[in-house]
Amino acid sequence: MTIINATNARKKFYKLIEEVRETHEPVYITGKKGNVVVLSDEDYRSMQETLYLVSVPTMREKIIEGLNTPLEECLEDSDGE
């Protein structure tokens, strides 16, 4: 986790963008009036999707059930049976 103040973040803004994009680690930028977190677009979208899925009633339970289902039970026979 990187924590940096706003002045230093401004000085190396493009380097921070690349660092976040490559490492998928957020950067915390502190300022006098509050703080922000910089995330990669990919990580942000992933978080949004996860929040959406867990907001759907019973979706969490269905996902856990699916994760606990053996792969053999998920596959169809090649002849369609």
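Analyst: Let me begin with a definition: rings of Phe, Tyr and Trp (for Trp, its six-membered ring) pair if their centres lie within 6.5 Å, and planes under 30 degrees apart count as stacked, over 60 as edge-to-face and the rest as tilted. A search of the whole structure finds 1 aromatic pair. Please keep in mind that this is a predicted model, in which local features need pLDDT of at least 70, side-chain atom pairs count only at pLDDT 80 or more, and totals for chains, interfaces and linings use all residues. Residues are numbered from 1 along each chain as its sequence is written, and side-chain values use heavy atoms, with hydrogens and water left out.

User: Which residues form that aromatic pair, and how are the planes arranged?

Analyst: The partners are F13 and Y14, in an edge-to-face arrangement with 5.7 Å centre to centre and 70° between the planes.

User: And are F13 and Y14 buried or exposed?

Analyst: Here buried means under 20% relative accessible area, exposed means over 50%, and partly exposed lies in between, using a 1.4 Å probe and protein chains only. F13 has a relative accessible area of 44%, so it is partly exposed, whereas Y14, with 66%, is exposed.

User: OK, changing topic: how many salt bridges are there?

Analyst: The count comes to 3 salt bridges, where a salt bridge is a side-chain nitrogen of Lys or Arg within 4 Å of a carboxyl oxygen of Asp or Glu. In one of them, the side chains of D41 and R45 meet at 2.9 Å, N to O. D41 and R45 are 4 residues apart in helix α3, so they are separated by about one helical turn; helices (H or I, at least four residues) and strands (E, at least two) are DSSP runs, numbered from the N terminus. D41 is partly exposed at 47% relative accessibility, while R45 counts as exposed at 55%. Salt bridges that share partners also join E18, R21 and E22 into one network.

User: What about D43, where is it, and what does its side chain contact?

Analyst: D43 sits in helix α3, which covers residues 41-55. It is buried yet has no salt bridge, the nearest side chain of opposite charge being R45, 10 Å away; in that comparison, Lys and Arg count as positive and Asp and Glu as negative, while His and the chain ends are not counted. The D43 side chain does make a polar contact with the side chain of S40 at 3.0 Å. A polar contact is a pair of N or O atoms within 3.5 Å; within protein, one must be able to donate a hydrogen and the other to accept it, and residues adjacent in sequence count only if both atoms are side-chain atoms.

User: Last one: which residues make up the largest nonpolar core?

Analyst: That core has 6 residues, namely I4, A9, L16, V20, V27 and I29. The elements giving two or more residues to this core are α2 (13-23) and β2 (27-31). A nonpolar core is a set of buried Ala, Val, Leu, Ile, Met, Phe, Trp, Tyr and Cys residues joined through side-chain atoms within 4.5 Å.
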